[in-house]
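Reader: Hi! I'd like to walk through this one with you, if you have a few minutes. Could we look at it together?

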Amino acid sequence: MGENDRVQVETRYARSGQVNIAFQVVGDGPFDLVFIPGFVTHLELAWKLPTFGPVLAEFGSFSRMIKFDKRGTGMSDPVSGAPTLEMRMDDVRAVMDAAGSRRAALFGLSEGASLAVLFAATYPDRTAALVLRSAVARTLWAPDYPWGRTEEASKRRIEQELRIYGPRSEARESVRALGEFDDEEAEAFVDYLRLGASPGMLEALLRMNQEIDIRHILGAVRVPTLVLQGSEDRVVPLEAARYIAERIPGAQLVEISGAGHLAVGEPARKINEEVRRFLSDVWESGGWEDVEPDRVLATVLFTDIVGATDRATALGDRAWLDLLERHHAVVRRELSRYRGREIDTAGDGFFAAFDGPARAIRCASSVVRGLRELGLDVRAGLHTGECEVANGKIAGIAVHTGSRVAAHAAPGEVVVSSTVRDLVAGSGIVFADRGAHELKGIPGQWRLFAVEHD
């Protein structure tokens, strides 16, 4: 693909909810590859970067590459606040649909890798393979994750990256912390980032990123996975890449010599060769054939009426059945509104599943409020985990965990597991820590959180 071809790549738009997502389709290879960006991008300016343009063109030489600007950045619609991983999953699906892609490999760069992992686990039927580059499972330090940054170090990092909008000399230094740039590339990249996002949007994205924690869902990825890590990455340590590769079943880890957090020049070509080799192997082994997944990542919701037996006795059979009908109507209305799927109902309780945890929380909260208007107190519990799929139903330990979480909710309360809490970074949902609990029949201790504001 020559220079003129790169300049003439057409930018199109996909509608995701009320937001327009800019995307491009590059190349006509035998399989689809969705490039999920990290940080900030600008679809058309990317081709004008001295070495980034040719690197992107190489992806289009062996695949049909689909690339996009995430909402709030580049040529996509501006939005208020940082988009959650859940919103961005919707954007990826909208772009794939608009590009006519039924099933694709995902290439996730930096924080885009977190989204790629979540998407692959949630939509295994649409994901053929996964490539993770400069990825982290968690940003902040934790006792069981010593490679994360302290909150103070994270604050300094955000301040450093926001210097891109300061004096030119400071902006260049901020760029050089991201990769091994020569002078020409650093200058061009400063303009690229400044035109790709406003200061407020970049700060919101950076603050959201530091809340992301996908450690608990790594084991739910069931597609071929390649983890790529640069030997000169000053943002993500090699140990963080090893952590991910060891927890995704069958994942391969390849260290790229000379590559920084972002790679240009010869290190970028090494990365492309690894990606080409890996995806070609998956393609030749039938990885793009349609599959009916037997396991999927889902957020499960359990609700039940508090004091149902006493209420039924007080009302009598006919009045109780009438009230139950109105209860069911409220729950089903909210499930439809938030894209929940009713799995089962037994008397006064519902079991439902969602493809996004924030939607599930908001649905549960709306159910609690709606039923309160009927004079009913309801408790609700949520958990996100890998579920077994059979005959349209879901089952497994994640389902049992969700049921046990619900049992710890007080009347009128929505309680979630820490896994759910960790996946809704940037959503604005506020939680109260309910401490560590043992869940009947479930190994270990579980930290639970009550929804205070959604």
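Predicted model: local features only at pLDDT ≥ 70, side-chain atom pairs only at ≥ 80, totals over all residues.

Reader: Which strand does Pro443 lie in?

Author: Pro443 belongs to strand β16, which covers residues 442-453.

Reader: And how far apart are Pro443 and Thr401 in space?

Author: Their C-alpha atoms are 9.8 Å apart, while in sequence the two residues are 42 residues apart.

Reader: Okay, switching to helices. At what angle do α3 and α11 pack?

Author: The angle is about 15°, and the axes are 10 Å apart. Helix α3 spans residues 52-62 and helix α11 spans residues 265-284. Angles under 35 degrees count as roughly parallel, so α3 and α11 are roughly parallel to each other. The crossing of α3 past α11 is right-handed.

Reader: Nice. Which residues make that contact?

Author: From α3 there are Val55, Glu58, Phe59, Ser61 and Phe62. From α11 come Ala268, Arg269, Asn272, Val275, Arg276 and Leu279. Sorted by class, the contact of α3 with α11 has six nonpolar, two polar and three charged residues.

Reader: New topic: how many aromatic pairs does the structure hold?

Author: The structure holds 15 aromatic pairs. One of them is formed by Phe35 and Phe59, and this pair is edge-to-face, with 6.0 Å centre to centre and 75° between the planes. That pair links distant parts of the chain, since Phe35 sits in strand β3 (residues 32-36) and Phe59 in helix α3, 24 residues apart.

Reader: What does Phe59 form with Phe107?

Author: Phe59 and Phe107 form an edge-to-face aromatic pair, with 5.3 Å centre to centre and 75° between the planes. This pair also links distant parts of the chain: Phe107 is in strand β5 (residues 104-109), and Phe59 in helix α3 is 48 residues apart from Phe107. Both Phe59 and Phe107 are buried.

Reader: Last one, I promise! Which residues form one aromatic cluster?

Author: The cluster is formed by Phe31, Phe35, Phe59, Phe62, Phe107, Trp283 and Trp288. Among them, Phe59 and Phe62 also take part in the contact of α3 with α11.

Technical notes:
Residues numbered from 1 in each chain as written. Heavy atoms only, no water. Axes fitted to C-alpha atoms, helices over the stretch in contact; angles between N-to-C directions. Helix = DSSP H or I, 4+ residues; strand = E, 2+ residues; numbered from the N terminus. Parallel < 35°, antiparallel > 145°, perpendicular 65-115°, else oblique. Left-handed = near helix turned anticlockwise from the far one by under 90°. Contact = heavy atoms within 4.5 Å. Nonpolar A, V, L, I, M, F, W, Y, C, P; charged D, E, K, R; others polar. Phe/Tyr/Trp six-rings, centres within 6.5 Å; stacked < 30°, edge-to-face > 60°. Buried < 20%, exposed > 50% of the residue type's maximum accessible area, 1.4 Å probe, protein only.
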